[in-house]
Amino acid sequence: MDQLALLFALLLGAVVSVPVGERLGLPAPVLMTLLGIVLALLEFVPNVDVPPDLILPLLLPPLLYAAVRRTSWRQFAANVRPILLLAVALVFVTTLCVAVVAHAIVPGLPLAAAVALGALVAPPDPIAATAVAGKLGLPRRLVSILEGEGLFNDVTAIVLYHVAIAAAVSGTFSPWRAGLDLVLSAVVAVAVGLALGWGTNRLMNLLGDPTLQIALTLLVPFASYVLAEELHGSGVLAVLTTALFLVEYATDADDVMVRLAGHTFWDIVDTLVTGVAFGLVGLELHNAVETAAGHWGELLAWAAVIVGVVVLVRLLWLLPATWLTKRLHTARDVDEEIPVSWRETVVMWWSGMRGVASVALVLAVPLETDAGEPFPARGEIVFIAFGVVLATLLVQGLTLPRLVSRLGVRGDTGREKEFERQLAVRAAKAAKRRLREIEEVEDLPEELSEQMLRRSFDIGVRISPEMAQDERREAYRQRARRLKRVRRIEGEMLSAARHEVLAARSEEGADPEVVDRVLRHLDVRSLR
């Protein structure tokens, strides 16, 4: 098997793991990690030959962009306190604790290298958090905090990592320079993200065609990441800024095809890239096995200790952080999402899986220092990091669904339905207002006007039947059943039409482009 065949195997696994995971009740990323481990143990499967400095630029931009599309700037602003406590403060605390413990237990591990180890295992993986926790029916507030933590903690961890690596390689360290690098990295990233977001928004209007607009959204995250890194900024923060800008300002309510096709496209990208990313995590077991040759006992012990530190520090930090957030929470902060019980805090604690970012950073640890000497304890750092990633992904990832079920942590469906009903009412009122505006400038027949008025009401009722009054609800149900029957019959008629047109594609003299154009017309009609 060569590298290309291995890539296709991971892509196939990414597709198959979704239905298999749903049937088994297991997260797809965890299944892909297990698949990667199995492949790594097979002799005919080659080692992954991807330069470490390309893993983050290839994997993180599309995954971060896909995750941000599911949220909004308003949501981040409302949750700034809990996110900062997790994404920034917890990363610093975890890095410090891991560095102190690793420096004490691993012989020959300098403090700077220990800080690098702490930084690369500190951030819970944003892909794991959204892919695992987001599919368990958790309360929206928990998913929002986990998404925010996962998206922003890499910014802090990667800057800490680079500072620690530079100190370990050069042998010098300046706290003031490190702090300045952190600030400049954030400023450059935000500037690049905003500039590319603004430029992309203008270019979207110029392109017009949905296919070209969606293609542009695929290129923009990579451009934002690479440009920010070239200017010594944070590529992760730049992608987040660009994506948040586009989510807020590049959405046209009437771009129906762009929205439908774009949603499907990014779901596909998210599924495939996430699968490949976690498959690579399992495949990197090769490196850990080679490192541990002859030293399994002490390396496993060190890895177990660091896993314990990472998991325990998260719990010990979450308890007071959640309490502090509740104390700071006021009646004015109605939009702020915070855990409301100890059960939700426990779920947040157990959702701190490590993943792709940690693997990419540990693989990027230099082989030598500036003095030409081997990087101190690089093999031990690699093994410990993989131990943390695999332990948290497999143990926490496999047990999180059962933990959520045992604790009874579920989303507030009543609140969601009420919000859905409110949106349905607003949509119906907006449609009715527009109908009145049209009636002022156009002379509509009374029958047509009444028909359109009923349809304005139906717009809301189809979204949320609960908005209908009790006496009208049964009438709507009857009308809905009749409409469903009409759509079923029309669907069968359209199906027969599509089969007939598609059969003409293989007839002699048929123009495939004309056939495809007619099919596209029928397909669009079927969506109405």
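Visitor: At roughly what angle do the axes of helix α2 and helix α17 cross?

Guide: This is a predicted model, in which local features need pLDDT of at least 70, side-chain atom pairs count only at pLDDT 80 or more, and totals for chains, interfaces and linings use all residues. Residues are numbered from 1 along each chain as its sequence is written, and side-chain values use heavy atoms, with hydrogens and water left out. Axes are lines fitted to C-alpha atoms, for helices over the stretch in contact, and angles run from 0 to 180 degrees between N-to-C directions. For α2 (residues 28-41) and α17 (residues 378-407), the axes come within 10 Å and the crossing angle is roughly 135°.

Visitor: How far apart are the axes of helix α8 and helix α15?

Guide: Two packed helices are described by the angle between their axes and the distance between the axes. Helix α8 (residues 140-170) and helix α15 (residues 342-350) pack at about 35°, and their axes are separated by 11 Å.

Visitor: Is Leu-212 buried, partly exposed or exposed?

Guide: Leu-212 belongs to helix α10 (residues 210-230). Buried means under 20% relative accessible area and exposed over 50%, with partly exposed in between (1.4 Å probe, protein chains only). Because its relative accessibility is 44%, Leu-212 is partly exposed.

Visitor: What is the C-alpha to C-alpha distance between Leu-212 and Val-258?

Guide: In sequence, Leu-212 and Val-258 are 46 residues apart. In space, their C-alpha separation is 9.7 Å.

How values were computed. Helices (H or I, at least four residues) and strands (E, at least two) are DSSP runs, numbered from the N terminus.
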